[in-house]
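Here is a short briefing on helix packing and the nonpolar core. Please keep the sequence and the model in view while reading.

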Amino acid sequence: MPVLDEALYDYFRRSDRMGWSPYDLVERDSIENICRPERLDEYQRSAVKTVLFVEDHLPGYLSEYLRIMIDPETFGCDDDQLITNRNTLHFTFRWVAEEDRHAHVLERYLVQSGLCTRKELAEDMLRERKQAYIFPYHQLVEGFIYLALQEKATHLYYRALARDVDEPLLKTILTKMGADEASHGRFFYDMLIKSHRGDLDGLSKKISAVANDFKMPVQNNLLNYRRQLLGMMRAAPSYRHPDVFTDMMDAVEKAAQSYGRDSLQLITPELGRFIERDSTGGRAEEPSQPR
Ligand SMILES: [Fe+2]
Ligand SMILES: [Fe+2]
């Protein structure tokens, strides 16, 4: 529970500082003075729609997470687990609110910029939402690793797309969304790393196993998924999917170094400081730096 409390505290403090509204980002002034939709190529326009479809699957994600977290019959949870699950829902509710603003801001952007009509887009979104979302893991740790990788993939993709488009308003929107995704990823990293403090090698092995089988969010839910995915990759050529796995493994590695130093200092503070200075020549990074 202390691990969850700490991760929740850090997440909520970040989230409170990072608040933004789809109505501030996409309004008449920003559309008239900043937005240059004619600068987007065909792949970039369709990538924005694909991203919206992924974000807009939220009612499906939320009902699945609630089913997993509150139904004691589903996974045979004991009382302690159910109490923890309720506390984890503090994260879930804020998290889905932030994911919802991603869908909301992209829908507003596509319509207000004139790239899509409201009716056409609403029908596309309805069609793409129809397939039920099934959470692919039944083990908590594997599920959290999967979510961490998914959040990191969306963070790195939004960052790459923001870099690769030449449309100022879309760049701003993607940068805000990317920061949210980084914060979500960080919550799962914190939970996993802190709860595996004594067994980070074991965590690395589990990450490798989940990453080997990793599929992008709602891979089974979008129509013509392969074509849509190909379009996303063409729209953001600077995106490198292997970086997702590397980022998470780097976070575990940093934590291992930091924890190793902590334990040296716990045993013999003077010797620990001496060894740290001697072997690294400087201060090592904290495991929980913003990523
Ligand atoms: Fe999102
Ligand atoms: Fe996210």
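**Helix packing and core**

H1 and H10 are roughly antiparallel to each other (an angle over 145 degrees; under 35 is roughly parallel, 65 to 115 roughly perpendicular, the rest oblique). This is a predicted model, in which local features need pLDDT of at least 70, side-chain atom pairs count only at pLDDT 80 or more, and totals for chains, interfaces and linings use all residues. Residues are numbered from 1 along each chain as its sequence is written, and chains are lettered from A and ligands numbered from 1 in the order in which they are written.

**H1 against H10**

- The axes of H1 (residues 2–17) and H10 (residues 168–195) come within 9 Å and cross at roughly 160°.
- Helices here are DSSP runs (H or I, at least four residues), numbered from the N terminus.
- Axes are lines fitted to C-alpha atoms over the stretch in contact, with angles from 0 to 180 degrees between N-to-C directions.
- The H1–H10 crossing is right-handed (the near helix is turned clockwise from the far one by less than a right angle; anticlockwise is left-handed).
- H1 residues including Val3, Leu4, Ala7 and Tyr11 meet H10 residues including Ser183, Phe187 and Met191.
- Six nonpolar, three polar and five charged residues form the contact of H1 with H10.
- Nonpolar covers Ala, Val, Leu, Ile, Met, Phe, Trp, Tyr, Cys and Pro; charged covers Asp, Glu, Lys and Arg; the others, Gly among them, are polar.

**H7 against H10**

- H7 (residues 79–112) and H10 have axes that come within 11 Å and cross at roughly 165°.
- H7 is therefore roughly antiparallel to H10.
- The crossing of H7 and H10 is left-handed.
- Contact residues include Phe91, Trp95 and Tyr109 of H7, and Leu170, Ile173 and Phe187 of H10.
- The contact of H7 with H10 has eight nonpolar, two polar and two charged residues.

**Nonpolar core**

- The largest nonpolar core has 51 residues (buried Ala, Val, Leu, Ile, Met, Phe, Trp, Tyr and Cys joined through C-beta atoms within 7 Å).
- H9 (140–164) gives the most to this core, with 13 residues.
- Ile145 is among the residues with the most contacts inside the core.
- Beyond its neighbours within four places in sequence, Ile145 is in contact (C-beta atoms, placed from the backbone, within 7 Å) with Leu192, Lys206, Ile207 and Val210.

**Arg129**

- Arg129 lies in H8 (residues 118–129).
- Arg129 is partly exposed, with 17 other C-beta atoms within 10 Å (20 or more is buried, 12 or fewer exposed, in between partly exposed).

How values were computed. Helices (H or I, at least four residues) and strands (E, at least two) are DSSP runs, numbered from the N terminus. Two residues are in contact if their C-beta atoms, placed from the backbone, lie within 7 Å.
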